[in-house]
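This report walks through the structure shown below. It takes up single residues, then helix packing and the core.

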Amino acid sequence: MLKQRIEILRSASMIDDIVAEYVNAVIDQFLPQQYEESKMEMFTTHLAMATQRALNHGEVEMMDDGIWKDVQMAKTFLEAKEVLRGLKENAPVEIPESEDRFLLMHLCNLLEKEG
């Protein structure tokens with residue numbers, strides 16, 4: 001289902017082939033069955049769009065400082081930072097800090113254990 005979503009974005013020319021390949025590799029790396037599908041959908045969709053924006057030299061507005069402070073206080077923040085570091089090493093383009101913050105928010109949510 002996740003890869004179908006990425007294919008829809010690619011078919012609609014919202015992301016390039018290189019972005020689709022990168023995000024599909026991330027999906028394979030994360031083994032989606034270990035994570036809540038809706039959280040994986042949000043994360044991978046944002047990753048695809050953030051990567052495409054970076055390729056197009058576009059920018060997203062910086063996250064509100066209050067929200068960013070909440071993200072930094074998340075129990076999974078340090079783990080999310082480490083995951084993002086690894087993801088950025090394989091990215092086809094340098095992802096700016098403004099995107100990092102949103103990706104970290106989605107990663108914190110994804111990595112959070114239920115219960």
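Asp 100 lies in helix 6. The model is a predicted one. Is Asp 100 buried or exposed? Its relative accessibility is 13%, and the cut-off for burial is under 20%, so Asp 100 counts as buried. Leaving out residues up to four places away in sequence, Asp 100 touches Leu 84, Lys 88 and Ile 95. Leu 55 is 45 residues from Asp 100 in sequence, and the C-alpha to C-alpha distance between them is 15 Å.

Helix 6 spans residues 97–111 and also holds Ser 98. Ser 98 counts as buried because its relative accessibility is 9%. Apart from neighbours within four places in sequence, its contacts are Val 60 and Met 62.

| Residue | Relative accessibility | State |
|---|---|---|
| Ser 98 | 9% | buried |
| Asp 100 | 13% | buried |

Now to the other end of the chain numbering. Helix 1 covers residues 2–11, and its buried residues are Leu 2, Ile 6 and Leu 9. Why do they share a side of helix 1? They sit on the same side because they cover an arc of only 55° around the axis. An α-helix has 3.6 residues a turn, so residues three or four places apart point the same way. Gln 4 and Ile 8, on the other side of helix 1, are exposed. The cover over the buried residues of helix 1 includes helix 2 (17–30) and helix 3 (37–55). After helix 1 comes Ser 13, with a positive phi near 60°.

How do helix 1 and helix 2 pack, and at what angle? The angle is about 170°, and the axes are 10 Å apart. The two helices are therefore roughly antiparallel to each other. Helix 1 makes the contact through Leu 2, Lys 3, Ile 6 and Arg 10. Helix 2 contributes Asp 17, Ala 20, Val 23, Asn 24, Ile 27 and Asp 28. By class, this contact has 5 nonpolar, 1 polar and 4 charged residues.

Ile 6 and Val 23 turn up again in the core. The largest nonpolar core has 33 residues, and those with the most contacts inside it are Ile 6, Val 23, Phe 30, Phe 43 and Leu 107. Helix 1, helix 2, helix 3, helix 4 (65–72), helix 5 (77–89) and helix 6 each supply at least two residues of this core. Setting aside neighbours within four places in sequence, Val 23 is in contact with Ile 6, Thr 44, Leu 47 and Ala 48.

Definitions and conventions. Residues numbered from 1 in each chain as written. Predicted model: local features only at pLDDT ≥ 70, side-chain atom pairs only at ≥ 80, totals over all residues. Heavy atoms only, no water. Buried < 20%, exposed > 50% of the residue type's maximum accessible area, 1.4 Å probe, protein only. Helix = DSSP H or I, 4+ residues; strand = E, 2+ residues; numbered from the N terminus. Arc of directions from axis to C-beta. Contact = heavy atoms within 4.5 Å. Core = buried A, V, L, I, M, F, W, Y, C linked by side-chain atoms within 4.5 Å. Axes fitted to C-alpha atoms, helices over the stretch in contact; angles between N-to-C directions. Parallel < 35°, antiparallel > 145°, perpendicular 65-115°, else oblique. Nonpolar A, V, L, I, M, F, W, Y, C, P; charged D, E, K, R; others polar.
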